[in-house]
Amino acid sequence: DSSTSRGLGDVYKRQVLEWVKQHVLDGCPKEESTCVTCGLFLTYAQMLDGTVGRGDRVPVLAARRSAVGDEFRHGQHCVVSFADCFFDKARDQEVAAGRYEWWGGLQSTSAVATHVERLFGFVQETRKRCLECHGPVRSWYQSERVLRVTPLVKGGGALSMSELYFAACARQLAQDPVECPHCLASRGPTRHEEQVRMLTVPNVLVIQVTRAPGPRVPVAVEQQLDVLGGPGMELIGVG
């Protein structure tokens with residue numbers, strides 16, 4: 001699913017278009033070969049001139065899918081996995097072109113922000129507390145571009161995306177022990193409880209419903225999404 005801020009959907013879609021247009025105008029040495037951002041722009045141009053689907057004309061981005069990731073070269077693939085890999089490639093291209101700003105304070109392999117983060121990125125906060133000494137809560141922050149939620153079975157019917165998000169924010173036992181500065185001298189890594197939430201809301205929010213093997217759990221996908229008490233968001237696409 002993809003959502004944009006309510007009432008601003010057209011504005012943010014135009015911002016995405018302006019980003020890819022400017023990328024092309026700035027000049028790209030890989031425009032005719034492997035650039036995924038150029039591929040997105042050329043696909044948009046195909047849509048405008050009506051050539052997509054005519055004869056053997058396939059969308060440029062589909063033709064360049066192996067440039068997004070070799071795993072997409074053949075057969076079907078997960079839409080969100082494709083989008084996430086596309087974001088990685090587009091971000092690398094922005095950094096290589098020098099279109100970025102430093103972004104500190106986050107867990108990241110590259111502490112910079114590009115137009116990809118400006119449009120699709122959000123800060124995810126993970127709060128942890130030691131279950132041995134019950135000391136103070138510590139927080140970690142990282143940049144994310146996909147919100148992942150898991151369907152749940154509860155009485156009363158299918159849960160909405162908002163309900164699934166708030167369920168994902170519930171406190172739970174951390175999967176791995178973590179070193180606690182208050183217990184380290186005597187205990188080493190200890191069990192922690194953790195809580196994860198979006199600290200900021202992106203302009204365009206990509207949501208992935210991660211399903212476990214077994215019967216398919218229904219999800220109620222709402223047209224209007226409200227999270228974090230921030231701006232309401234409206235649905236713009238389902239994949």
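1. Setting aside residues up to four places away in sequence, Glu94 touches Trp19, His23, Arg99, Tyr100, Thr114 and His115, where contact means heavy atoms within 4.5 Å.

2. This is a predicted model, in which local features need pLDDT of at least 70 and side-chain atom pairs count only at pLDDT 80 or more, while totals for chains, interfaces and linings use all residues. Residues are numbered from 1 along each chain as its sequence is written, and side-chain values use heavy atoms, with hydrogens and water left out.

3. On the protein as a whole, the secondary structure comes to eight helices and 15 strands, and the C-alpha trace spans about 65 × 45 × 35 Å along its principal axes. Of the 239 residues, 37% count as buried. Among contacts between residues at least 6 apart in sequence, 63% join residues at least 24 apart.

4. The largest nonpolar core has 26 residues, of which Trp19, Val68, Phe86 and Phe120 touch the most other members; such a core is a set of buried Ala, Val, Leu, Ile, Met, Phe, Trp, Tyr and Cys residues joined through side-chain atoms within 4.5 Å. At least two residues of this core come from each of helix H1 (9-25), helix H2 (36-49), H5, helix H6 (115-120) and strand S12 (204-209). Another core, of 15 residues, lies apart from it and includes Val149, Tyr165, Met198 and Ile207.

5. Val68 deserves a separate look: leaving aside neighbours within four places in sequence, Val68 is in contact with Val36, Phe82, Cys85, Phe86 and Lys89.

6. A further point concerns His134, which is found in the loop between strand S4 (122-130) and strand S5 (138-144). The phi of His134 is near 50°, a positive value in a residue other than glycine, whereas most residues other than glycine have a negative phi. With a relative accessible area of 47%, His134 is partly exposed.

Technical notes
Helices (H or I, at least four residues) and strands (E, at least two) are DSSP runs, numbered from the N terminus. Buried means under 20% relative accessible area, exposed over 50%, partly exposed in between (1.4 Å probe, protein chains only).
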